[in-house]
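Subject: Structure handover

Hello,

Here is the structure I promised to pass on. Please open it first, then read my notes below.

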Amino acid sequence: MSEKLSLVTCTSCGKPIPPGSESTKFLCPNCGEIQIKRDGKCRKFGRLYKCPKCGFQGP
Amino acid sequence: MSEDQVKENQPTENLPEEEPVEEQIETVEAPVEETVEPAPEVPEAEVVDEEADEEVEVAETGPEETLLLPRDTLLSAGIHIGTRMKTLDMEPFIYRVRPDGLFVLDVKKTDDRIRTTAKFLSRYEPSKVAIAATRLYAHEPVKMFCKLTGATPLIGRFIPGQLSNPQYKNRVDPEVIVVCDPRADAQAVKEASTVGIPIVALCSTDNEFAGVDLVIPTNNKGRRALAVIFWLIARQVLRERGEIGPDKDPPVTIEDFEAKVTREEEEDT
């Protein structure tokens, strides 16, 4: 009966992204294979993210 | 007691002798690290003007280096010219500081980011890409960019609610947005964050990364620089989509992208 909800995690900080936050997700600008997810705080503070596949570092 | 006192005092007397040795080591090491960073020894032209249309700065050139345009063209357009202000976010993209305090951007990194951005934008449907341009000098480049690539221009004042208000009749619903200056287009950045679409921004040395998902380090104030940057991105997007060949150029030139200066403005200058 009880099913666990799995929240997507932020690529920058690794924390689960709560629904309704100013988060975004997009394919890695460089390789286009990995989906980058960023939560509202990491976007706001301009925290870096890194593609686990190609190593592209943004923003 | 007096002998004990002497024994106890011995180590304490030795300590001050050891400390300077460590300090000396540190002071010796410090200059070695500093010598790695410094700017090139090649002389360059000194021009204070930010637009720097006539300026050609000679810089290090590697034999294996391949840029989208010849280095001289990029430098004469002034895409590397920053401002006298530097943010911590933009530090990795800064090449050096001029003696007059002007921060100069790394052209190679700008070139890499243009390629990356073009790849990124080409993955979206053309009409789902929006370009916001509040700056006057960015109007013409953005119009031409949108004409070439089929993107949606948001030129001039950004009407609040243009992205986020579902009741606004002229609302646009893009999947990605490009802004010419995150500070000038702050409203666009704010609303794009709210609706959760990725934001690509042209950032100079004085911009911050707040809300931005992909940065193109460039001069975002110069007339010629904006024309060159948008022309390059448009060309790369068309190449990535396969609409033109990998070595072909679009039918319009950089001069077509450049904002036209009126006679009154010419007289003022």
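A salt bridge here is a side-chain nitrogen of Lys or Arg within 4 Å of a carboxyl oxygen of Asp or Glu. B:Asp213 forms one with A:Arg43, and their closest N and O atoms are 2.7 Å apart. B:Asp213 sits in the loop between β6 (199-203) and β7 (214-217) of chain B, and A:Arg43 in helix α1 (residues 40-44) of chain A, so the pair joins two chains. Helices (H or I, at least four residues) and strands (E, at least two) are DSSP runs, numbered from the N terminus. Over all chains, the structure holds 15 salt bridges.

Some ground rules. This is a predicted model: local features need pLDDT of at least 70, side-chain atom pairs count only at pLDDT 80 or more, and totals for chains, interfaces and linings use all residues. Residues are numbered from 1 along each chain as its sequence is written, chains are lettered from A and ligands numbered from 1 in the order written, and side-chain values use heavy atoms, leaving out hydrogens and water.

Next, the interface. 19 residues of chain A are in contact (heavy atoms within 4.5 Å) with 20 residues of chain B. Between the two chains, about 1,500 Å² is buried, and carbon and sulfur atoms give 46% of that. Buried area is the accessible area (1.4 Å probe) that two parts lose on being put together, summed over both. A:Pro29, A:Arg43 and A:Pro59 supply 40% of what chain A buries against chain B, more than any other three residues. The rule finds two salt bridges across this interface.

Now the helices of chain B. Axes are lines fitted to C-alpha atoms, for helices over the stretch in contact, and angles run from 0 to 180 degrees between N-to-C directions. Helix α3 (residues 107-122) and helix α6 (residues 223-241) of chain B pack at about 50°, with axes 8 Å apart. That makes α3(B) oblique to α6(B). Angles under 35 degrees count as roughly parallel, over 145 as roughly antiparallel, 65 to 115 as roughly perpendicular and the rest as oblique. Residues making this contact include B:Ile114 and B:Ala118 of α3(B) and B:Ile233 and B:Val237 of α6(B).

Helix α4 (residues 136-149) of chain B also packs with α6(B), at about 10° with axes 9 Å apart. α4(B) and α6(B) are therefore roughly parallel to each other. Among the residues in this contact are B:Phe145 of α4(B) and B:Phe230 of α6(B).

Best wishes
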